[in-house]
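Dear colleague,

I am passing the structure below on to you, with a short account of what was found in it. Please keep it open while you read the notes that follow.

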Amino acid sequence: MGNTFCLFCGCVEQSSVGVVEQWGRFHRVAQPGFQFFNPLAGECLAGILSTRIASLDVKIETKTKDNVFVQLLCSIQYRVVKESADDAFYELQNPQEQIQAYVFDVTRAIVPKMNLDELFEQKGEVAKGVMEELGKVMGEYGYSIEHILMVDIIPDPSVRRAMNEINAAQRLLLASEFKGEADKVVIVKKAEAEAESKYLGGVGVARQRQAITDGLRENILEFSTKVEGTSAKEVMDLIMITQYFDTIKELGNSSKNTTVFIPHGPGHVRDISNQIRNGMMEASCAQVTDDVE
């Protein structure tokens with residue numbers, strides 16, 4: 001149910017106030033409820049003002065300190081002060097245009113002092129500054145500024161693309177750093193694994209050689225004991241020659257080549273034995289020399 005009036009009485013609805021004139025001059029403020037008017041005394045209802053909070057959206061285009069054009073979408077929430085309803089009724093013919101003009105003026109005085117990044121970070125400070133200045137001015141006209149919200153900041157499209165590219169480049173750089181660290185860890189772990197593998201392989205080879213030496217010693221002693229007239233040197237020659245041919249056999253089996261050329265003659269077996277013995281003796285002498293030095 002809205003405001004209803006007749007010549008002698010009227011009803012002012014909740015969240016509204018009426019402005020009563022007498023002989024063309026402001027007389028009083030009619031509060032919500034049933035009201036009587038005396039037309040014989042020159043009283044009449046001049047108008048109704050809503051005291052609800054109203055919202056006004058203002059779009060402002062301005063420039064930042066680093067010469068970037070931006071559009072600011074600002075939402076102003078205001079209301080009529082009941083005690084100053086006569087000022088709100090008589091002083092301003094179009095309060096929305098007045099509010100918008102002051103918002104333009106104050107915003108264009110604050111934003112050019114900030115860079116674009118500072119504007120995004122301190123948009124609440126901009127809204128606070130606008131509210132302080134606007135509250136002082138509109139309070140004189142019977143209006144109260146309740147809230148000012150800086151709803152959106154819209155830079156020029158080319159600036160937004162540049163900002164997105166900068167953000168993307170920074171994220172790619174960060175991803176590259178993380179990938180480099182991950183690759184570094186993989187390389188280090190792989191090197192550590194290879195070192196450990198070589199160490200264990202060396203230990204295995206050493207144990208293998210020790211086992212071969214022990215086996216050869218046992219074979220020489222057993223062969224010398226069971227076969228009379230044989231010396232340890234002859235048994236060692238036989239074992240070395242056997243080992244030599246086993247090596248040639250393994251080489252032929254493991255290599256991609258199917259043919260292995262080796263020198264051969266009537267006295268070649270003895271020559272092989274002498275060569276192996278001389279090589280072992282030279283190695284032993286070299287080891288002794290190194291130990292003396």
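Does Tyr90 count as buried, partly exposed or exposed, and at what relative accessibility? Tyr90 counts as partly exposed, because its relative accessibility is 37%, where buried means under 20% relative accessible area, exposed means over 50%, and partly exposed lies in between (1.4 Å probe, protein chains only).

Before going further, please note that this is a predicted model, in which local features need pLDDT of at least 70 and side-chain atom pairs count only at pLDDT 80 or more, while totals for chains, interfaces and linings use all residues. Residues are numbered from 1 along each chain as its sequence is written, and side-chain values use heavy atoms, with hydrogens and water left out.

As for the protein overall, its secondary structure comes to seven helices and nine strands, these being DSSP runs numbered from the N terminus (helices H or I, at least four residues; strands E, at least two). Of the 293 residues, 23% are buried, and the accessible surface comes to about 20,300 Å², with 55% of that belonging to carbon and sulfur atoms (Shrake-Rupley method, 1.4 Å probe; for residues, only the protein chains shown count as cover). Among contacts (heavy atoms within 4.5 Å) between residues at least 6 apart in sequence, 60% join residues at least 24 apart.

Turning to the strands, which pair if DSSP finds at least two bridges between them, S7 (residues 54-63) and S8 (residues 69-80) run antiparallel and are joined by 10 bridges, with Ala54 standing opposite Tyr78 in S8. These two strands form a hairpin with five residues between them, and in the turn Asn67 has a positive phi of about 60°. S8 also pairs in the antiparallel sense with S9 (residues 143-155), over 11 bridges, and there Val80 has Tyr143 in S9 as its bridge partner.

A search of the whole structure finds three aromatic pairs, where rings of Phe, Tyr and Trp (its six-membered ring) pair if their centres lie within 6.5 Å, and planes under 30 degrees apart count as stacked, over 60 as edge-to-face and the rest as tilted. The rings of Phe26 and Tyr90 have centres 6.1 Å apart and planes at 75°, so this pair is edge-to-face. The pair links distant parts of the chain, since Phe26 belongs to strand S4 (residues 25-30) and Tyr90 to helix H1 (residues 85-90), 64 residues apart. Phe26 is partly exposed, with a relative accessible area of 35%, and ring pairs link Phe26, Phe89 and Tyr90 into a cluster.
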